[in-house]
Structures are given as structure tokens and as C-alpha cells.
Amino acid sequence: MTELLQIENLTKKFDNQVILDGINLSIQKGEVLVLVGSSGCGKSTLLRCINGLEEIQNGTVKLEGKEVKYGDKNLPLIRQKIGMVFQSYELFPHLNVIDNLMLAPMKVQKRNKEEERKEAIELLRTVGLEEKAEQFPRQLSGGQKQRVAILRTLLMHPDILLFDEVTAALDPEMVREVLDVMLNLAKQGRTMIIVTHEMQFAKAVADRIVFIDDGKIAEEATPEQFFEQPKTERAKQFLNVFSFEKIKVNGI
């Protein structure tokens with residue numbers, strides 16, 4: 001496999017507080033990496049650093065050997081290869097679905113309008129939203145909006161996809177329809193880094209689990225190893241919380 005993304009000794013601070021402390025990580029082309037850990041451990045901040053949305057105090061992030069650096073003049077070009085899907089959709093309310101999808105490829109990449117529309121309609125068809133093409137975001141459910149947000153990112157033809165807790169704001173019945181889209185992307189061989197609290201989904205989709213605790217990588221393993229035989233006490237404590245929540249939900 002080809003190394004696509006390389007992170008070396010990444011350190012991120014907010015004022016004097018260390019959020020990420022010497023992160024070293026590499027991602028291979030076609031790999032699905034899932035970041036797990038308690039809220040506030042640094043998972044989402046790591047995604048933002050990878051995408052050049054945050055200035056880092058030490059270390060490097062490189063995509064295909066090119067440095068991703070906050071404020072750099074080449075960052076807009078590099079960022080086109082990094083697709084990021086946020087928790088909060090970020091769809092333009094005054095544009096319908098098809099125009100939301102086509103806006104960035106046409107404005108940023110100067111792509112042909114008719115070809116772009118054809119590709120957008122085809123992608124909508126693959127996720128069961130073709131009939132929503134002319135509707136506005138206010139007419140969509142949360143799950144539909146998030147699927148549109150994912151398609152908008154795909155239309156930029158990125159080399160790597162970053163997902164930041166994309167189901168966290170959804171009602172439970174809408175979560176599955178979004179996770180199914182992400183599972184299909186994994187089956188297509190897309191390179192993805194996913195931050196999620198959906199542990200069953202993480203186990204199903206990941207090639208590798210990275211457990212972050214207090215800004216550091218505390219454990220790195222296959223899904224089977226991590227969920228069935230975690231090496232560190234901290235990982236065991238983390239997973240026990242989810243086991244307890246599952247028991248409560250089932251009423252046992």
C-alpha cells in the first residue's frame with residue numbers, strides 16, 4: 001500500500017493548554033482509520049490540523065509528501081484533495097440540493113456545468129436522494145442533509161475524506177442511513193479518517209483503530225484487537241463505559 005498521509009510529532013496548543021502532544025501517525029491509501037476517545041481528548045482538533053484549519057506549534061502534516069500548513073499560500077490547492085464532513089452539515093440554505101453540490105466544483109475547480117450536474121445526479125441516485133435535487137435544505141431531514149454534505153465533499157474528488165462525528169447531531173433513526181453511506185465508501189476503497197462515538201460502526205468499518213487519550217495516542221490496533229483485547233487500562237475503562245451504556249439501553 002502507498003502512504004498517503006504522514007503526521008510527525010504534531011503538537012497543538014490553545015494558549016498554554018496542550019491539546020495534541022507529539023502525534024505520530026501515517027495513513028495508507030485505501031485505509032479506513034477510526035479515531036476514538038473521550039470527548040475533549042483531541043480527536044476533532046487532529047482532523048482540523050490535518051485539513052490545515054488549525055495552526056500547529058510543532059511537527060508536520062504531509063499529504064503525498066506536500067506539507068499541509070495553516071496560512072500557507074499553497075494550502076487552498078492542497079486542501080482540495082482533503083474532503084472534510086462536519087457535524088453541522090454547512091449547507092447553504094438559499095441554494096437547493098443540486099446547486100449546493102455543484103457550487104464548489106464549478107467555482108473552485110472550474111468544472112463543466114453539464115458534466116458536473118450529471119455526476120451530482122448520479123451520486124444523489126446512489127444514496128436514494130435523486131428526487132430531492134431541487135429541494136432546499138429546510139425541506140430535508142437531518143440524515144438527508146448529512147448525506148448531501150457527504151456527496152458535496154465527494155464531488156471535489158478528494159484523495160482523503162475526514163469525518164468529524166457526522167452522526168452526533170442526528171436522531172437515532174437517521175444515524176443508520178448516514179453510516180450506510182460511509183460503509184459503502186469504505187467498500188469502494190476510499191481513504192478515510194473517521195471520528196465517531198458509534199462503537200459498533202467503528203468495529204465494522206475500520207481497518208485500524210487509534211485510541212486518543214489526553215492528546216496522545218494511547219493505543220493503536222485492529223478493531224478485533226482493540227475491542228476484544230485492549231492493551232491499556234485506559235482503553236479498557238473507555239470501552240467499559242460503552243458496555244455499561246449498552247446494558248442500560250437494553251434494560252438489563
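Modeller: What follows goes through the sheet, strand by strand, and then turns to a loop and the cysteines. Keep in mind that the model is predicted.

Start with the layout. The sheet is open and has 6 strands, in the order S6-S7-S8-S3-S9-S10. Its pairing is mixed. Strand S6 (82-85) and strand S10 (216-221) are the edges, and each pairs on one side only. From one strand to the next, the twist averages 20°.

Now take S3, residues 32-36. 5 of its 5 residues are buried, so the strand is largely enclosed by the rest of the structure. In a regular strand, side chains alternate between the two faces of the sheet. Here, both faces are covered. Val32, Val34 and Val36 lie on one side, Leu33 and Leu35 on the other, and all are buried.

S3 has a partner in strand S8 (residues 192-195), which runs parallel to S3 and is joined to it by 4 bridges. Val34 has Ile194 as its bridge partner in S8. Strand S9 (residues 208-213) also pairs with S3 in the parallel sense, over 4 bridges. There, Val34 stands opposite Ile209.

S6 and strand S7 (residues 160-164) run parallel and are joined by 4 bridges. Gly83 stands opposite Leu161 of S7. Helix H5 (residues 142-154) lies across both S6 and S7, and runs at about 170° to S6.

Follow the chain out of S6. The loop between S6 and helix H3 (97-108) holds Asn96. Asn96 is buried, at 9% relative accessible area. A polar atom of the Asn96 side chain lies 2.9 Å from the backbone nitrogen of Asp99. Leaving aside residues up to four places away in sequence, Asn96 touches Ala133, Glu134, Gln135 and Phe136.

Last, the cysteines. The disulfide count is 0. The sulfur of Cys41 has its closest cysteine sulfur in Cys49, 13 Å away, which is too far for a bond. The cut-off for a disulfide is 2.5 Å. Cys49 is likewise in no disulfide, with the sulfur of Cys41 as its nearest. Cys41 counts as buried because its relative accessibility is 5%. Cys49 is buried too, with a relative accessible area of 2%.

How values were computed. Residues are numbered from 1 along each chain as its sequence is written. This is a predicted model: local features need pLDDT of at least 70, side-chain atom pairs count only at pLDDT 80 or more; totals for chains, interfaces and linings use all residues. Side-chain values use heavy atoms; hydrogens and water are left out. Buried means under 20% relative accessible area, exposed over 50%, partly exposed in between (1.4 Å probe, protein chains only). Two strands pair if DSSP finds at least two bridges between them. Helices (H or I, at least four residues) and strands (E, at least two) are DSSP runs, numbered from the N terminus. Axes are lines fitted to C-alpha atoms, for helices over the stretch in contact, and angles run from 0 to 180 degrees between N-to-C directions. Contact means heavy atoms within 4.5 Å. A polar contact is a pair of N or O atoms within 3.5 Å; within protein, one must be able to donate a hydrogen and the other to accept it, and residues adjacent in sequence count only if both atoms are side-chain atoms.
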